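Try each task yourself before reading the solution.

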Amino acid sequence: MHALSIPTWIIHISSVVEWIAAIWLVWVYADVSQQPAWRSLSWGMLPVLISAMCACTWHFFDNAPQLEWLVTVQAATTVLGNVTLCIAGWWIWRATRPANE
């Protein structure tokens, strides 16, 4: 765990916790607003959460060369997350359009 400073660890861990809270809050918003399309945003956020967890895991083990594959998984899940978030945004937009358009 010497790869990152304590303040950097605090930022990494709090970012993961905040992302989890955001996923949960979006899900609750979908329920409260009765707009289920917003759940797609929660699902779309999961690959980015996995990406963050990969980064934290790799740093936790001092960037060990035998765990370098986590960097590839992190990059892939970041790309996947960007795509799923884009799709979720489109899905929400589509769901909020008037029916006659």
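**Exercise 1. Work out how much of the chain is buried.**
Start with the cut-offs: buried is under 20% relative accessible area, exposed is over 50%, and partly exposed is in between (1.4 Å probe, protein chains only). With that rule, 27% of the 101 residues of the protein chain are buried.

A word on the ground rules: this is a predicted model, where local features need pLDDT of at least 70 and side-chain atom pairs count only at pLDDT 80 or more, while totals for chains, interfaces and linings use all residues. Numbering runs from 1 along each chain as its sequence is written, and side-chain values use heavy atoms, leaving out hydrogens and water.

**Exercise 2. List the secondary structure elements.**
Helices (H or I, at least four residues) and strands (E, at least two) are DSSP runs, numbered from the N terminus. Counting them gives three helices and zero strands. Read from the N terminus, the order is α-α-α.

**Exercise 3. Compare the chain with a compact globule.**
First, take the rule, 2.2 Å times the number of residues to the power 0.38, with the radius of gyration over C-alpha atoms. For 101 residues, a compact globule would come out near 13 Å, but the protein chain has 17 Å. Next, check the box along the principal axes: the C-alpha atoms fill roughly 60 × 25 × 15 Å.

**Exercise 4. Describe the setting of His59.**
Locate it first: His59 sits in helix H2 (residues 39-60). Then apply the burial rule: His59 has a relative accessible area of 16%, so it counts as buried. Finally, look for a partner: the His59 side chain makes a polar contact with the side chain of Asn63 at 2.8 Å. (A polar contact is a pair of N or O atoms within 3.5 Å; within protein, one must be able to donate a hydrogen and the other to accept it, and residues adjacent in sequence count only if both atoms are side-chain atoms.)
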